[in-house]
Amino acid sequence: MNTENKNLRPAQPSLGQGTSRTVQTVLRILLGAFLVFAGTSHLTTARAEFLAQVPIWLPVNADLVVILSGIAEITLGLALIALFKQRVLVGLATAAFFVLIFPGNISQYVNRIDAFGLNTEQARFTRLFFQPVLVLWALWATGAWRALVIRKAKSA
């Protein structure tokens with residue numbers, strides 16, 4: 001690294017940086033594949049399971065919610081896989097999507113609705129802790145977390 005200007009990056013990333021980027025890429029593509037699979041399941045084999053997660057207080061047709069969220073998941077999944085140059089924006093959108101669907105998980109727990117093999121209160125409660133993991137996964141694997149931190153530092 002050039003010691004005269006600490007803001008310059010090295011010409012080649014260090015071994016650790018390269019490995020980290022590779023892991024991020026693999027996890028971004030894996031999350032994308034997971035979303036495409038889940039979105040497809042919304043529209044086909046697991047439709048009834050996803051219907052069970054639509055909050056009963058939501059003033060929209062539950063089947064429409066399942067269809068639209070399935071389409072959103074497929075779109076986000078494909079974007080995570082294919083839109084490398086827009087990965088930060090796609091990561092932010094994916095994280096926002098995970099936040100938006102979290103009330104469905106809460107509703108499933110509060111209303112004691114069995115779906116996806118979550119047939120005990122403990123299982124439904126434990127699942128609530130995985131949604132923040134998905135949010136962090138989307139932010140880290142796309143570089144959105146780093147972009148947010150840098151943006152905050154620049155504005156301070």
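Is Phe125 buried, partly exposed or exposed, and what is its relative accessibility? In this predicted model, Phe125 has a relative accessibility of 34% and counts as partly exposed. Phe125 forms an edge-to-face aromatic pair with Phe129. The ring centres are 5.2 Å apart, with 80° between the planes. An angle over 60 degrees counts as edge-to-face, so the pair falls in that class. Phe129 itself is exposed, at 53% relative accessibility.

The structure holds 3 aromatic pairs. One of them joins Tyr109 and Phe125. This pair is tilted, with 5.5 Å from centre to centre and 50° between the planes. Tyr109 belongs to helix 4, residues 87-110, and Phe125 to helix 5, residues 121-128. The pair therefore ties together parts that lie 16 residues apart in sequence. Tyr109 is partly exposed, with a relative accessible area of 23%. Through ring pairs, Tyr109, Phe125 and Phe129 are linked into a cluster.

Helix 5 also contains Arg124. Arg124 has a relative accessible area of 6%. Values under 20% count as buried, so Arg124 is a buried residue. Leaving aside residues up to four places away in sequence, Arg124 touches Gln108, Tyr109, Arg112, Ile113, Asp114, Leu118 and Asn119.

Arg87 lies over the face of Phe84. The distance from the ring centre is 4.1 Å.

Helix 4 also packs against helix 6. The axes of helix 4 and helix 6, residues 130-141, come within 8 Å. They cross at roughly 170°. Angles over 145 degrees count as roughly antiparallel, and helix 4 and helix 6 are therefore roughly antiparallel to each other. On the helix 4 side, the contact involves Gly91, Leu92, Thr94, Ala95, Phe98, Val99, Ile101, Phe102 and Asn105. These residues meet Gln131, Leu134, Val135, Ala138 and Leu139 of helix 6. By class, the residues of this contact divide into 10 nonpolar and 4 polar. No charged residue takes part in the contact.

Terms used
Residues numbered from 1 in each chain as written. Predicted model: local features only at pLDDT ≥ 70, side-chain atom pairs only at ≥ 80, totals over all residues. Heavy atoms only, no water. Phe/Tyr/Trp six-rings, centres within 6.5 Å; stacked < 30°, edge-to-face > 60°. Helix = DSSP H or I, 4+ residues; strand = E, 2+ residues; numbered from the N terminus. Buried < 20%, exposed > 50% of the residue type's maximum accessible area, 1.4 Å probe, protein only. Lys NZ or Arg CZ within 6 Å of the ring centre and 35° of its normal. Axes fitted to C-alpha atoms, helices over the stretch in contact; angles between N-to-C directions. Parallel < 35°, antiparallel > 145°, perpendicular 65-115°, else oblique. Contact = heavy atoms within 4.5 Å. Nonpolar A, V, L, I, M, F, W, Y, C, P; charged D, E, K, R; others polar.
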